[in-house]
Amino acid sequence: MIGFWILAVVMLASSIWCITATRPVYSVVALLLHFAALAAMYLTLHAEFLAVIQLIVYSGAILILFLFVIALLSSGVAPFSVGPDRLPKILIPAVGLIAVALGFITYALSRTNALVTPGAAVGTNLGVTGEAGVFGSVADFGKALFTSYLLPFEITALILMVAVIGVILLAGDRTPYVSSRKQAGENRRDMREAVLRGGE
Amino acid sequence: MDPMTVPVGNYVALSSVIFFIGVAGVLTRRNPLIMLMSIELMFNAANLLFMAFARVWVHNAGHIFAFLVIMVAAAEAAIGLAIVVTVFRSAKHVDVDDVALMKG
């Protein structure tokens, strides 16, 4: 319980920092903190494989991608609009909306009595985190992923391939691309002349 | 009540607050990178709920769904950043209010 509150405070503070930071790099740092706390919370929920995936994929891949784009776009210039300039205007409606939503959720949850008990045996197949064969272990997760949920997993591969092709089409370097045979011939002649000139 | 017990309502409340913080980020910020990061916050709020309810019902379908959400989020981040880079190449200034090419 105390761990939950510590992690919850860290996650809330870092997410607010993420959306109010004036520079995108600070937002990335805040998001990194958020993801680390979230991975720790996954561990308390017996989701050890997802905790590791969270750290590797989010902190290791996606945030580094963000950092690369920030470094690429802001070299020497200030291309971004700064500041949460629309935040004060929307603050009161946003807080009201959150209060209403939390009211609904509190009402709905007051009618159930589901509990989350870290470490205690609620179900049948629940043991110590890190052991094989218990709920949430890598073996358990992999068995479910490659038997019951094989089709969604295969479709994931398709989604990633579509994303890769889309990214290459959107932001790929277009210089090696030649649209016609004539253009290719010109490129080859230019290269040959450059070699004859002495490799300038 | 056992002091180690966390009611699932705490997870729901935390997740919904983080989701709304992400919504506020998307609606208020003008920097497309921070908007994408706010979308990541919303994905993660949803994932936290999947984890909490997978734990309540001791069923790992929630883990599988969260795994798929992470994969989709990775694809989304890559494509979003590619769009940002493309817009920046043509405009030299990234402000989402100025990008209105598809406005009807």
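Predicted model: local features only at pLDDT ≥ 70, side-chain atom pairs only at ≥ 80, totals over all residues.

**Helix against helix**

I began with α2(A) and α2(B): A:Pro24, A:Ser27, A:Leu31, A:Leu38, A:Met41 and A:Tyr42 meet B:Leu33, B:Ile34, B:Met37, B:Glu40, B:Asn44, B:Leu48 and B:Met51. Contact here means C-beta atoms, placed from the backbone, within 7 Å. Helices (H or I, at least four residues) and strands (E, at least two) are DSSP runs, numbered from the N terminus. I sorted the residues of this contact into 10 nonpolar, two polar and one charged. Ala, Val, Leu, Ile, Met, Phe, Trp, Tyr, Cys and Pro count as nonpolar, Asp, Glu, Lys and Arg as charged, and the others, Gly among them, as polar.

Next I looked up the packing: α2(A), residues 24-44, and α2(B) have axes 11 Å apart at an angle of about 5 degrees. That makes the two helices roughly parallel (angles under 35 degrees).

**The wider interface**

I find 71 residues of chain A in contact with 63 of chain B. On the chain A side, α3(A) gives the most, with 11 residues. That side divides into 57 nonpolar, 11 polar and three charged residues.

Residues are numbered from 1 along each chain as its sequence is written, with chains lettered from A and ligands numbered from 1 in the order written. I noted ipTM 0.90 and pTM 0.80. Chain B averages a pLDDT of 84 (the predictor's confidence in each residue, from 0 to 100).

Note on methods: Axes fitted to C-alpha atoms, helices over the stretch in contact; angles between N-to-C directions. Parallel < 35°, antiparallel > 145°, perpendicular 65-115°, else oblique. Contact = placed C-beta atoms within 7 Å.
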